[in-house]
Amino acid sequence: MRFVHVFTPSQAWDHHSGLRTGLPNICGEVDLPIAGLLTDLRQRGLLKDTLVVWAGEFGRTPHAQGGDGRDHNNKAFTIWMAGGGVKGGLSYGQTDEYGYEAVQSPVQIHDLHATILALLGLDHEKLTFRYAGRDFRLTDIAGNVVKEIMV
């Protein structure tokens, strides 16, 4: 199978309120299965050839207007990746002390997409097609591969 998409309902992670109980509950539902997947892939020798990307739809602030929650954040976004050519145990980039804004080695969304494509063996700049007199590609007209995270 080339791609598998595993997800939880979007409401499960949408903690605008109820964070103190909601986050531990959803983490309890997903932590063991994802650990099992990574362990199984490693034991079978498949993790080195399988890229695992764990992400949500956008970043979250460390606070919410209502108190017990997190709001949407377009200035900082945390994901993790494993296997498939990614260096293990590496943390790349950093937010400010409040977790509000990326301040060190920020990765733009086009960079993330270009990097994932590179890890899949595709050159995002060669995935260009002309339509209506303009060149289009999956990373639009941007995107730099983040080579520092690659083995």
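Modeller: This is a predicted model. Its largest pocket has a volume of about 1700 Å³.

Biologist: What makes this space a pocket and not a cavity?

Modeller: A cavity is a set of points where a 1.4 Å probe fits but cannot get out, whereas a pocket is an open set with protein on both sides within 12 Å along at least five of seven lines. The space of about 1700 Å³ is listed as a pocket, so it counts as an open set.

Biologist: How do you know which residues line the largest pocket?

Modeller: A lining residue has an atom within 4 Å of a point. The lining of the largest pocket holds 42 residues, and Val6, Val53, Trp54, Ala55 and Gly56 lie nearest its centre. Two or more lining residues come from each of α1 (19-43), β1 (52-54) and β2 (59-60). The largest share, eight residues, is that of α1.

Biologist: What is the volume of the second largest pocket, and which residues are closest to its centre?

Modeller: The second largest pocket holds about 930 Å³ of space. It is lined by 32 residues, with Phe77, Thr78, Ile79, Tyr92 and Val107 the closest to its centre. The elements giving two or more residues to this lining are β4 (80-82), β5 (94-95), β6 (102-104) and α2 (109-119). From α2 comes the largest share, three residues.

Biologist: Which elements does the protein have, and in what order?

Modeller: There are two helices and eight strands, and from the N terminus on they run α-β-β-β-β-β-β-α-β-β.

Biologist: How many residues does the protein have, and what share is called buried?

Modeller: The protein has 151 residues, and 26% count as buried. The term applies to a residue with under 20% relative accessible area. The accessible surface of the protein comes to about 10900 Å², with 54% belonging to carbon and sulfur atoms.

Key: Residues are numbered from 1 along each chain as its sequence is written. This is a predicted model: local features need pLDDT of at least 70, side-chain atom pairs count only at pLDDT 80 or more; totals for chains, interfaces and linings use all residues. Side-chain values use heavy atoms; hydrogens and water are left out. On a 1 Å grid over the protein atoms alone, a cavity is a set of points where a 1.4 Å probe fits but cannot get out, and a pocket is an open set with protein on both sides within 12 Å along at least five of seven lines; lining residues have an atom within 4 Å of a point. Grid points are joined across faces, edges and corners, and a volume is the space filled by probe spheres set on the points. Helices (H or I, at least four residues) and strands (E, at least two) are DSSP runs, numbered from the N terminus. Buried means under 20% relative accessible area, exposed over 50%, partly exposed in between (1.4 Å probe, protein chains only). Accessible areas come from the Shrake-Rupley method with a 1.4 Å probe; for residues, only the protein chains shown count as cover.
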